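This briefing is meant for a reader who is meeting the structure for the first time. Please look over the sequence and the model before going through the points that follow.

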Amino acid sequence: MYPLQVERVTKQYGDKIAVNGINFHVGAGEIFGLLGANGAGKTTTMRMVLGLIYPDQGQILWKGQGYREELRSIMGYLPEERGLYPKIKVSDQIVYLAELRGMNRKEADKRLKEWLEKFNVSDYYNKRIEELSKGNQQKIQFIAAVIHQPEILILDEAFSGLDPVNVELLKSTVMELRKQGTSILFSSHRMEHVEELCENIIILDRSNTKLQGKLKEIKKQFPKERVILETEHPVDGLERISGVKGVRQTASGYDINIADMQAASEILNLASAQTVVYRFQVVEPSLNDIFIKTVGENRE
Amino acid sequence: MNKLGSVIRFTYRSQTRTKGFKIGTIFFVILISIGIHLPIIFQAFDLEGEDKVAVLPAESTIPAALQTFYEQQEDQSLSIVRIEDQGSREANEQLAKQMLFDGEIDGYLIIQEDSSALASAAEFKAKDIDSGVLQDLQMALQLIRTGLVAEQLELTGEDLLELNRSFLVESTIVTEGDEGKSEEQIAVTFIFVIIMLSLLFMSIFGGGTMVATEVSSEKSSRVMEILITSVKPLTQMFGKIVGVFLVGLVQLLIYIATAAINLLLPHNRDAFAYFNLDLSGISPSLVVYFILFYLLGYFAYAVIFAAAGSIVSRNEDVGQVISPITIISMVVFYVAIFSISNTGAAYVEILSFVPLFSPILMFMRIGVSNPAVWEIALAIAINVAFIMLVGWFAAKIYRAGVLMYGKKPALKEVWKAMRYR
């Protein structure tokens, strides 16, 4: 039994199928990546997981059971569209939102102070949301999603609008939550974040599941097609090697597309025969490449 | 239930902390204080001072009697100025007119005398018509004339009293079975209905708009996306309505306290002594009905406002959707005002069971006539059912609103979104 099981769920709006037979589960202490282009059905999936709308077919189980009131206090949600009361003090509204999740005021207040300290923004306690920068509002929104220590957490574009320092801060927080056993459904368009955080992913494309499974396994299915080469002097004749599909000169060297591994070793041989090789790497495909290949290939 | 409390408290606190609330409340407190002090302020500026009236012709019985009459009055709000005879009627009138425009007098009275009989008509001329002064003069003249006639007829004081005795007719509204309501009771009901109408109007316009704005601003700021995942929309909706109600109640109590404090100030006590209404006609059951129907009325309108606020997702659009409700409440208001003396009419009886009309009209019927218990119970049941139904409906729309961000609030879309569960 998993904290969150989505079993062959289909949702239809009129005659338009929004989600078609999606099937996955999120274990305790797991960050599950829900990916897809715009309009692929991610939002509908998340709304069903939140219990806002009900599947037409299939079922969703939370800790092995159907939807129930208790879930409101064990689920956390960070919506893509940020929303807090602009004119109300951070402390007032976070405590309120925590209360609605079933916490008592005192505890919520104590927890809020801890979180603010953790995010180095203790002085925002008495500030109104509209006084904060977008990135800092984001932190407050994040606190609102996790303050009640949810067992199931839904993060939609959790790191958008943050500077690199704060992305790291939130990322490490998310990893901490995973360590504490939280089941996290993670949706993002930033593939490098997904790659870093998620072990299992699902890629949706126009309502259908295109790709699903362990990220490592998925990557193995995709051939290694890129070689990065950095040398002291330019190398001649790279294009002439059989199996090389394209060579792109970069600031520090070459970015080469290959058809097979044989070509890779020939590239290395050719380069080291001509000059000193600083860097030679056969790059495995990034999730970004995989995503574009999977979702983009049927696009005209 | 816990969550309902949280929503109520949050709504209450966030509303009472706004600048608008504070400034508005202070403004009204000042306004009330000034209003209560107006009589004293007027006295200080002598705005309501003595009215000076000249009487023509200069030399005659009635003007002299009139002057004596006002000189004997304790409260000299009016004094008679005699003008010197200029020889002719026209010259006298010319002088009076001159004095009027010089500001020496506030008006002049021309008594049309006839040598054959006692004068019974006069003309009052002034720059503006002050009905108080006119009435005052008329009464005094009537009195003087009666006295003069009595003298001519050699009537005794007793005869005069007997002649002046008025004929009293008391009216009582009769209802089947019960003894009727006296005029005093009806008068009290009337006051209650007026208070209820004003209170409902204040609450509907202040509170209703507040509820609608709150709901729509939660949609525009998108907080509701989190809210509906943590609390039932129905709880949220009623929490908000109760919270706003409490805000209104507190505001009202502040105003009442302001008025009470002002009235208790020593210099105001006398000025308002004559306002002392006889409150003994109020029965406790009427007070209970008053509170009950006021609450029903408030909630009936509040749920409709909430539903309206749920349809739109931007504050700017709120005005548009609440205007039909405002029009309905105006209709209710006028129906109530026009039918208060006619509560037995069939249309009043029917409307007293129709939601939105019912709270005011049924209360009015209870106060003025004696509707059967089942009628009262039915009206209460209809109102409660209406509130629950519309509240449920509003919550549905509210929830559906999340699923249709950015779309125009076309009814068809709302209906579609509501059906997606």
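Predicted model: local features only at pLDDT ≥ 70, side-chain atom pairs only at ≥ 80, totals over all residues.

## Briefing on chains A and B

In chain A, the centres of domain 1 and domain 2, taken over C-alpha atoms, are separated by 42 Å. Domain 1 of chain A covers 4–219, and domain 2 of chain A covers 224–283.

**Helix α6 of chain A**

- Helix α6 of chain A consists of 16 residues, 164–179, and its first and last C-alpha atoms are 22 Å apart, close to the 22 Å expected at 1.5 Å a residue.
- Leu170(A), Val174(A), Leu177(A) and Arg178(A) are the buried residues of α6(A), and they lie on the same side of the helix because they cover an arc of only 105° around the axis.
- The other side of α6(A) carries exposed residues, namely Pro164(A), Val165(A), Glu168(A), Ser172(A), Glu176(A) and Lys179(A).
- The packing partners of the buried residues of α6(A) are β3 (31–36), α5 (134–146), β6 (152–156), β7 (183–187) and α7 (191–197) of chain A.
- After α6(A) comes Gly181(A), which has a positive phi, near 100°.

**Helix α10 of chain A**

- In helix α10 of chain A, residues 287–296, the buried residues are Leu287(A), Ile290(A), Phe291(A) and Thr294(A); they cover an arc of only 100° around the axis, which puts them on the same side of α10(A).
- Lys293(A) and Gly296(A), by contrast, are exposed on the other side of α10(A).
- The buried residues of α10(A) pack against several elements of chain A, namely β3, α7, β8 (200–205), β9 (208–214) and α8 (215–221).

**An antiparallel sheet in chain A**

- An open sheet of 4 strands in chain A has the order β11-β12-β10-β13, and its pairing is antiparallel.
- At its edges are β11 (244–249) and β13 (277–283) of chain A, each of which pairs on one side only, and neighbouring strands of this sheet are turned by 15° against each other on average, direction ignored.
- β11(A) is paired over 5 bridges, in the antiparallel sense, with strand β12 of chain A, residues 254–258, where Asp255(A) in β12(A) stands opposite Arg248(A).
- Helix α9 of chain A, residues 261–274, packs on the sheet and touches β10 (226–231), β11, β12 and β13 of chain A, and the direction of α9 makes about 10° with that of β10(A).

**Chain B as a whole**

- Chain B has 421 residues, of which 31% count as buried, and its secondary structure comes to 16 helices and 4 strands.
- Among the contacts in chain B with a separation of 6 or more, 75% are accounted for by residues 24 or more positions apart.
- In helix α1 of chain B, residues 2–16, the end C-alpha atoms are 21 Å apart, which agrees with the 21 Å that 15 residues should span at 1.5 Å a residue.
- The buried residues of α1(B) are Ser6(B), Val7(B), Ile8(B), Phe10(B), Thr11(B), Tyr12(B), Ser14(B) and Gln15(B).

**A mixed sheet in chain B**

- In chain B, 4 strands in the order β2-β1-β3-β4 form an open sheet with mixed pairing; β2 (78–82) and β4 (122–126) of chain B are the edge strands, each pairing on one side only.
- Neighbouring strands of this sheet are turned by 30° against each other on average, direction ignored.
- Strand β3 of chain B, residues 107–111, runs antiparallel to β4(B) and is joined to β4(B) by 5 bridges, and Lys125(B) in β4(B) is the bridge partner of Tyr108(B).
- Helix α3 of chain B, residues 61–72, packs on the sheet and touches β1 (51–56), β2 and β3 of chain B, with its direction at about 145° to that of β2(B).
- Helix α5 of chain B, residues 131–153, also packs on the sheet, touching β1, β2, β3 and β4 of chain B, and the direction of α5 makes about 155° with that of β4(B).

Technical notes: Residues numbered from 1 in each chain as written. Chains lettered and ligands numbered in written order. Domains from an automatic or database assignment. Helix = DSSP H or I, 4+ residues; strand = E, 2+ residues; numbered from the N terminus. Expected span 1.5 Å × (residues − 1). Buried ≥ 20, exposed ≤ 12 C-beta atoms within 10 Å, placed from the backbone. Arc of directions from axis to C-beta. Contact = placed C-beta atoms within 7 Å. Pairing = 2+ DSSP bridges. Axes fitted to C-alpha atoms, helices over the stretch in contact; angles between N-to-C directions.
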